[in-house]
Amino acid sequence: MPIASAPLRLAAATAGLLLMATASTTASAAPAPPARSYTPHATRAADPAAWTAPLSTQGRYIVDARGDRFRLKAANWDGAQGSWTGSGSVLDPANHHAGQDSHGIPLGLDRVPLDQLLADFHELGVNTIRLPFSDEMIHATAPVPDDAVTANPRLRGRTPLQVYDAVVDALSGSGFAVILNNHTVTSRWCCGVDGNERWNSGQSTERWADDWVFMARRYASVPRVVGADLYNEVRRDVLDDPNWGLGDDHDWYAAARLAADRILTEGDPRLLIVIEGINWTGVPVDGLPHGRPMLTPVRTLSHTLVDAHKLVYSAHFYGYTGPHHSGATGLGETHDPRYQDLTPAELIAAMDDEAFFVEESGRHYTAPVWVSEFGIGSGETNAAARAWFGHVTDYFADHDADFAYWPLVGFEGHDDWALLRYDGAGHRSGILDPADWRATAWQHLMSAPSTSGPVPAVPVWRMLSTDHGDAVESLLVRATGDWDSGAYKAACPDGLRLVGLSHTSGRGLCTDSGASGLRASGTGQTVVTDERHVPEGGDWASGYTKFQCPSGSFLIGYSERGERVSAALCAPGRVALSGSGRTVWFDRSDNRPADGAGGDFAQGSYKGQCAVDEYAAGIAFTTRVGSRPGPAALLCRTLP
């Protein structure tokens, strides 16, 4: 999110670490929410036939329950994440971002009736609201002051969470898709060194995940709550960087995987899971490593959820920042270019490299990319910044991208970034006014041609990683209990089959290509730990130990103890499975289809993979002294 003093806040992180911000919540983890009955809010609604919840993914696109494209044309209605800047009295509006005291609830409820706000949002043309909140807001027990809801007196006496409830219900009832966004831990404006750098700043990862389960359950009955945006702008704190896959307390990949799993299995299985990349690492000083990784780590380590059609990745782009520029001016500013300094071709290349490569089809990381924040001020006079806004909105329009502008609502005379600004009497100004220079670019973005209607099904590819523990992404397999105690276990999401393995590193590749829903109904499965299913005369890997599925079954998982193969996990097919077979060796080099379907799912390791018209029916390995005991060959058979 942008703020006027963003450069100063980033500069504090820079150099050093000159500022130590320690803020923590003291409330206990959220209890199970009381049952909430959803009552649609009476206001002008969007066409109810326009889309049907819940939302899922199909390749690079988000689709509704009918399989039709649903493009996120969104805006951020902020305020519930907090607005206090961290210094001075919290009671003084001057100490809040842009002089706007949100009182921990969405902005504007003090000056505009909720029905009118929703009508104005419809006039903008947006169909989705990203609705930030803080963990602190969840636990706050004091009611908001009456003057925070002057224009909405029915909300008097409610806690911030109860006001948030009313807003969520009203948005859903008015036809908007709602994506919940855990923006901060504390109710303090972000995003620098402010105690909100990571999901577990000042709290445990477990408490953070508990809060997410609480929120998912709380809104499970609200039809158009469609997504959980896990955390905002994960970044360096004073002393350390976040990482992607190291397995420690700062591992954003692992934390997001944990929260996503708990949301889908304990909270609300309908929700899209939105995972933003890493926003900043390093100290922004010329000559020292620093930059904005965004989604680049996804190339080699992507997320696999229990529902293979619920993952959305996200990224933020602001003109005053850059691939290696913090956004600072003066202290903390480096000589790296900002996005607004790049030519249109350079800007596209940077955004593709940092985010939009994820939309490439047929890869283990393929998913929709949502630019969940971008924006600029109506009072901006810098020619380069204005040009950037035109270039970036042109790209979003031409690329048919999902997007969310920051911010949606602001106070007149305070925040000129807002799409809509309201004075104390509720009079509106902003991007709908002809005099707003941003209007042309906004109208082009909103009206440009876009893919619509039914989205054809495309093959799904997902990777399995046992780097730091189990990767059992099948709910059917989980229901059977621990099938190889003490080993690291991996299983494909239901509906997918295992088609690839790495010789080292414990990686696997799953797909439904060529045969969706291959598994028979029920939880039947076979754990193979010996050669009893290798038929006489059927030695397909002479001299190697072979874990082969029973006749009519196919591989869905595997387990390892250290590097050594421990077991193969097989499921029965819903149709007769036999087919001719071949041995795919990969202990000395890669052995994969020429088209590279699925992408490099185990960078730096030898990999073997069946073809798209095959299924895997066995794993071979050796325990010979001097040899690596990981998977060495796959038995691949032709699909029926």
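Select residues Thr205, Trp208, Ala209, Asp211, Trp212, Val213, Phe214, Met215, Ala216 and Arg218 of helix α5: these are buried, where buried means under 20% relative accessible area, exposed over 50% and partly exposed in between, with a 1.4 Å probe and protein chains only. Helices (H or I, at least four residues) and strands (E, at least two) are DSSP runs, numbered from the N terminus. The model is a predicted one, in which local features need pLDDT of at least 70 and side-chain atom pairs count only at pLDDT 80 or more, while totals for chains, interfaces and linings use all residues. Residues are numbered from 1 along each chain as its sequence is written, and side-chain values use heavy atoms, with hydrogens and water left out.

Now display the whole of α5, residues 205–218. This helix has 14 residues and reaches 20 Å from its first C-alpha to its last, close to the 20 Å expected at 1.5 Å a residue; the expected span is 1.5 Å times one less than the number of residues. Because 10 of its 14 residues are buried, α5 is largely enclosed by the rest of the structure. What covers the buried residues of α5? The cover includes β4 (128–134), α3 (135–139), α4 (160–173), β5 (177–184), β6 (225–229) and α6 (252–267).

Of these elements, select α4 next. Its 14 residues should span 20 Å at 1.5 Å a residue, and its end C-alpha atoms are 20 Å apart, which agrees. Helix α4 is mostly covered, with 13 of its 14 residues buried. Gly175 follows α4 and has a positive phi, near 100 degrees.

**Second stop: the nonpolar cores**

A nonpolar core is a set of buried Ala, Val, Leu, Ile, Met, Phe, Trp, Tyr and Cys residues joined through side-chain atoms within 4.5 Å. The largest one has 142 residues, and those with the most contacts inside it are Trp77, Phe121, Met215, Leu230, Trp252 and Phe396. Apart from this core lies another, of 22 residues, among them Ala491, Trp540, Tyr544 and Leu569.

Centre the view on Leu230. Contact means heavy atoms within 4.5 Å. Leaving aside neighbours within four places in sequence, the residues in contact with Leu230 include Trp208, Trp212, Trp252 and Ile263.

Move to strand β3 (residues 73–76), where Asn76 is found. Is Asn76 buried or exposed? Asn76 is buried, with a relative accessible area of 0%. Beyond its neighbours within four places in sequence, Asn76 is in contact with residues including Arg130, Glu373, Tyr405 and Trp406. Select Arg217 as well: 141 residues separate it from Asn76 along the chain, and the two C-alpha atoms are separated by 22 Å.

Strands of a sheet pair through backbone hydrogen bonds, either parallel or antiparallel. Two strands pair if DSSP finds at least two bridges between them. Select the open sheet of 3 strands with the order β14-β15-β16 and mixed pairing. Since β14 (409–411) and β16 (428–430) stand at the edges, each with a single partner strand, one side of each is left without a neighbour in the sheet. Strand β15 (residues 420–422) pairs with β16 in the antiparallel sense over 3 bridges. Within that pairing, Arg428 in β16 is the bridge partner of Tyr422.

Select α8 (residues 383–399) and α9 (residues 439–447), whose axes come within 8 Å and cross at roughly 10 degrees. Axes are lines fitted to C-alpha atoms, for helices over the stretch in contact, and angles run from 0 to 180 degrees between N-to-C directions. The two helices α8 and α9 are therefore roughly parallel to each other; angles under 35 degrees count as roughly parallel, over 145 as roughly antiparallel, 65 to 115 as roughly perpendicular and the rest as oblique. Phe389, Thr393, Asp394, Phe396 and Ala397 of α8 make the contact with Ala441, His444 and Leu445 of α9.

**Last stop: a sheet of four strands**

Select the open sheet of 4 strands with the order β17-β21-β20-β27 and antiparallel pairing. Its edge strands, each pairing on one side only, are β17 (461–465) and β27 (607–609). Strand β17 is joined to β21 (residues 507–511) by 5 bridges, and Ser465 stands opposite Arg507 in β21.

Finish at Leu501, which lies in strand β20 (residues 497–502). Leu501 is buried, with a relative accessible area of 1%. Apart from neighbours within four places in sequence, its contacts include Arg507, Lys607 and Gly608.
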